[in-house]
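This report goes through the contacts in one model, part by part. Please keep the sequence and the 3D view at hand while reading.

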Amino acid sequence: MKVIVNDERCKQCGICAVNCPKKAISFSDVINMKGYQPAVVDDALCIGCGICYTMCPDWVFEITGE
Amino acid sequence: MAVAKKIPSILSKQISFCPGCGHGVVVRLIAECIEEMKQEKNSIINVGVGCYSLMTPSVEIDRFDSLHGRGAAISTGFKRANPDTLVISYQGDGDAYSIGIGESVSAAYRNENITVITVNNTNYGMTGGQMSATTMPGQKTTTSPLGRNCQTTGMPMKFPEMIASSFPEVAYVARGSVTKPAYVNKLKGYIKNAFEAQMNGEGYSLIEVLSPCPTNWGMSPVESHERVNGEIEAYYPLGEFKLREEK
Ligand SMILES: Cc1ncc(C[n+]2csc(CCOP(=O)(O)OP(=O)(O)O)c2C)c(N)n1
Ligand code: SF4
Ligand code: SF4
Ligand code: SF4
């Protein structure tokens with residue numbers, strides 16, 4: 001797994017998804033405790049570039065380095 | 001090989017800004033720089049009055065909720081009493097440029113050895129989006145419902161340019177943005193430079209950050225990024241206005 005998603009922090013702003021160069025981010029059908037549909041990363045598409053970490057204002061992502 | 005990236009340990013709690021608010025990125029970059037410089041136990045963040053006041057429970061270093069607009073003056077006191085501590089004044093355009101412009105200018109004029117970070121989202125976010133000194137020409141706010149009229153209110157203030165040209169002896173002045181991956185990386189470099197200048201005793205440093213306020217702009221977070229990258233960046237150029245000098 002290249003990215004860990006701390007999905008309880010996500011506010012579904014969409015900024016990660018528009019900036020992901022591989023279009024690897026979509027939004028879950030399961031609503032989190034804040035009432036948002038959090039970001040989900042498709043590990044098969046993801047290249048671990050870290051742009052989602054860089055852009056997310058809510059500190060949702062960690063890049064594992066794998 | 002992907003490079004590992006971990007949220008700084010001093011940010012273990014979540015933050016309660018609106019979805020897409022730029023403040024969250026600025027706070028994280030400050031924390032990353034503090035952690036990389038190993039200053040977690042030797043920093044104080046002096047937080048002005050604005051939405052960013054909400055950061056104080058989430059940033060686990062020494063912190064102080066400042067009087068409105070007086071961040072640079074209060075930071076002066078912290079720094080003079082604790083000259084080896086990294087002192088950061090975190091403010092907004094309303095706080096630093098409208099309410100506290102006297103204190104903001106005076107700290108630069110004295111070349112006080114502190115770092116001022118001002119987050120410019122072109123309005124008073126916390127109180128519902130009133131016009132500030134950096135509201136753009138024609139921008140509608142709750143106190144400029146027909147759009148800002150610059151003939152009666154003046155043109156938006158360019159604080160970094162004013163400081164760099166009026167007080168050329170200050171250590172470092174730059175303007176960054178949080179609205180593109182390359183901009184965020186550059187902004188981190190600016191913040192690092194400012195902190196290093198302060199720890200080296202080089203004098204006053206200032207970073208302005210162009211930042212979206214989707215809630216009060218009535219835009220989606222993605223649209224608010226486009227506004228920063230278009231209209232706002234065209235008026236507020238990014239870059240360094242005063243470079244550090246060898247000491
Ligand atoms: C002495 C005083 N006057 C006015 C206020 C009301 N007030 C709270 S926040 C704020 C403006 C904040 O604007 P800014 O610094 O741009 O921060 P933002 O919320 O946009 O990030 C004002 C006028 C106050 N709290 N104290
Ligand atoms: S940028 Fe962060 S908060 Fe926004 S949708 Fe993506 S993960 Fe969620
Ligand atoms: S690490 Fe890069 S490729 Fe993977 S989800 Fe994040 S932005 Fe997309
Ligand atoms: S009102 Fe604007 S500045 Fe305040 S938290 Fe919301 S988006 Fe951020």
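Which residues in helix 1 of chain B meet which residues in helix 7 of chain B?

## Helix 1 and helix 7 of chain B

V25(B), R28(B), L29(B), I30(B), E32(B), C33(B), I34(B) and E36(B) of helix 1 of chain B meet V184(B), L187(B), K188(B), I191(B), K192(B) and F195(B) of helix 7 of chain B. Contact means heavy atoms within 4.5 Å. The residues of this contact divide into nine nonpolar, no polar and five charged. Ala, Val, Leu, Ile, Met, Phe, Trp, Tyr, Cys and Pro count as nonpolar, Asp, Glu, Lys and Arg as charged, and the others, Gly among them, as polar.

Helix 1 spans residues 23-36 of chain B and helix 7 spans residues 181-199 of chain B; their axes come within 10 Å and cross at roughly 50 degrees. Helices (H or I, at least four residues) are DSSP runs, numbered from the N terminus. Axes are lines fitted to C-alpha atoms, for helices over the stretch in contact, and angles run from 0 to 180 degrees between N-to-C directions. Helix 1 of chain B and helix 7 of chain B are therefore oblique to each other. Angles under 35 degrees count as roughly parallel, over 145 as roughly antiparallel, 65 to 115 as roughly perpendicular and the rest as oblique. The crossing of helix 1 of chain B with helix 7 of chain B is right-handed, a word used when the near helix is turned clockwise from the far one by less than a right angle.

## About the model

This is a predicted model, in which local features need pLDDT of at least 70 and side-chain atom pairs count only at pLDDT 80 or more, while totals for chains, interfaces and linings use all residues. Residues are numbered from 1 along each chain as its sequence is written, chains are lettered from A and ligands numbered from 1 in the order in which they are written, and side-chain values use heavy atoms, with hydrogens and water left out.

## Helix 4 of chain B and its partners

Helix 2 (residues 71-81) of chain B packs against helix 4 (residues 101-109) of chain B at an angle of about 45 degrees, with the axes 7 Å apart. That makes helix 2 of chain B oblique to helix 4 of chain B. A72(B), A73(B) and T76(B) in helix 2 of chain B meet E103(B), S104(B) and A107(B) in helix 4 of chain B.

Helix 4 of chain B also passes helix 6 of chain B in a right-handed crossing. The contact joins I101(B), S104(B), V105(B) and A108(B) of helix 4 of chain B to F159(B), M162(B) and I163(B) of helix 6 of chain B.

## Between the chains

In chain B, 34 residues are in contact with 27 residues of chain A.

## Ligand 3

The residues around ligand 3 include V3(A), C20(A), P21(A) and C46(A), each with a heavy atom within 4 Å of it. By class, this shell has ten nonpolar, two polar and no charged residues.

Note on methods: Helix = DSSP H or I, 4+ residues; strand = E, 2+ residues; numbered from the N terminus.
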